[in-house]
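Me: Please take a close look at the ligand site in this model and describe what surrounds the ligand.

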Amino acid sequence: MARRKKIYEGKAKILYEGPEPGTYVQYFKDDATAFNAEKKAVIEGKGVLNNRLSEFFMTGLNTIGVPTHFLKRLNMREQLIRQVEIIPLEVIVRNFAAGSIAKRLGLEEGAALPRPIVEFSYKEDSLGDPLVTEEYIIAFGWASQQDLDDMIALALRVNDFLAGVMYGVGIKLIDFKIEIGRVYEGDFMRLVVADEISPDSCRLWDVKTGQKLDKDVFRRDLGNLTDAYTEVAKRLGVMPSNVTHATKPTLIN
Ligand code: C5P
C-alpha cells in the first residue's frame with residue numbers, strides 16, 4: 001500500500017492527506033511535551049485516550065450547533081477532519097486562576113475569576129507562544145475585528161458546553177485552549193473549532209478533592225498521566241475499560 005502523504009507533524013499529532021479533497025486524517029501520538037518542549041516523554045496510551053476524548057467533545061459541540069472540524073473517528077488513534085485554515089492564535093478561556101495567569105498576576109491557584117476571561121497567544125514555538133492583545137491581532141492581520149468577535153463568542157460557547165459536561169461528572173473546568181480555523185463554503189467563510197479538545201489542552205480538577213486530571217500531572221510530576229486521562233474518559237463513559245494501555249496480552253474467551 002502506498003504510504004500516505006504527511007502534511008504536518010506537531011508535538012502530539014500528525015496530519016495526513018485525507019481520502020477526499022478537503023479532508024485530513026489526524027493521528028494522535030503518545031508524545032507528551034511541556035514548557036515549550038523542554039520536557040518530553042512518551043506516555044503509552046495517551047494518543048488513544050485523546051483521540052476518544054476529542055471525538056467526544058467535538059461530537060457534542062457539533063450536535064449543539066457549535067461547528068468543529070471533526071467528521072468521524074477512524075480507528076484507535078486517527079480521526080477524519082475537515083481541512084481548515086488555522087488562525088495562528090491559541091484561544092484560551094479561563095474560569096479559575098491557574099498556570100500562567102496565576103503567575104503573571106500573583107493570583108492563588110483555583111481562585112474564581114470575576115467572569116470567564118478569553119485571551120490569545122500567538123502560535124509560534126520559537127517565541128514560546130506569547131500572549132498578544134486584540135490590538136496586535138488586528139494590526140498584524142491575523143484576524144479581522146469581526147473574526148475576533150466571532151472567535152470570542154465561539155470560545156465562550158465551548159466553555160459553557162465543556163464546563164457543563166465536566167461538572168456533570170464531578171470535574172471542574174479551570175481553563176482550556178482551543179484553536180480555530182476557517183472553512184470556505186462558496187462565498188462564505190465560517191469559523192470552526194479545530195485541533196483537539198482533550199486533557200492535554202484543559203485544566204480539569206476533581207470537584208470534591210481538587211485532584212488534577214490533566215496535563216499538569218505530567219508538567220508537575222504529580223503521578224501517572226494515563227491514569228488521570230483514563231479517569232476522565234471513564235467518568236464520561238467514552239472509554240471501554242480495556243483498550244488504553246494494556247501492558248500484557250489479555251486472554252479473550
Ligand atoms: O499555561 P497557561 O495557564 O497559559 O495555559 C492555559 C490553558 O491552555 C491550560 O489548560 C493549558 O493546558 C492550555 N494550553 C495549551 N497549549 C499551550 C498553552 C496552553 O493547551 N501551548
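Reply: Sorted by class, the shell around the ligand holds eight charged, three polar and four nonpolar residues, where Asp, Glu, Lys and Arg count as charged, Ala, Val, Leu, Ile, Met, Phe, Trp, Tyr, Cys and Pro as nonpolar, and the others, Gly among them, as polar. This is a predicted model, in which local features need pLDDT of at least 70 and side-chain atom pairs count only at pLDDT 80 or more, while totals for chains, interfaces and linings use all residues. Residues are numbered from 1 along each chain as its sequence is written, and side-chain values use heavy atoms, with hydrogens and water left out.

In total 15 residues surround the ligand, the closest being Arg94, Ser100, Asp175, Arg203 and Arg219; a residue is counted if one of its heavy atoms lies within 4 Å of the ligand. At least two residues of this shell come from each of strand E9 (89-96), helix H2 (99-105), strand E12 (171-185) and strand E14 (202-206), these being DSSP runs numbered from the N terminus (helices H or I, at least four residues; strands E, at least two).

As for polar contacts (pairs of N or O atoms within 3.5 Å), a polar side-chain atom of Arg94 is 2.7 Å from an oxygen atom of the ligand, and a side-chain N or O atom of Glu90 lies 3.0 Å from a ligand nitrogen atom. Ser201 takes part through its backbone, with a polar atom 3.5 Å from an oxygen atom of the ligand. Of the 450 Å² that the ligand exposes when taken alone, the protein buries 80%, the areas coming from the Shrake-Rupley method with a 1.4 Å probe.

Key
A polar contact is a pair of N or O atoms within 3.5 Å; within protein, one must be able to donate a hydrogen and the other to accept it, and residues adjacent in sequence count only if both atoms are side-chain atoms.
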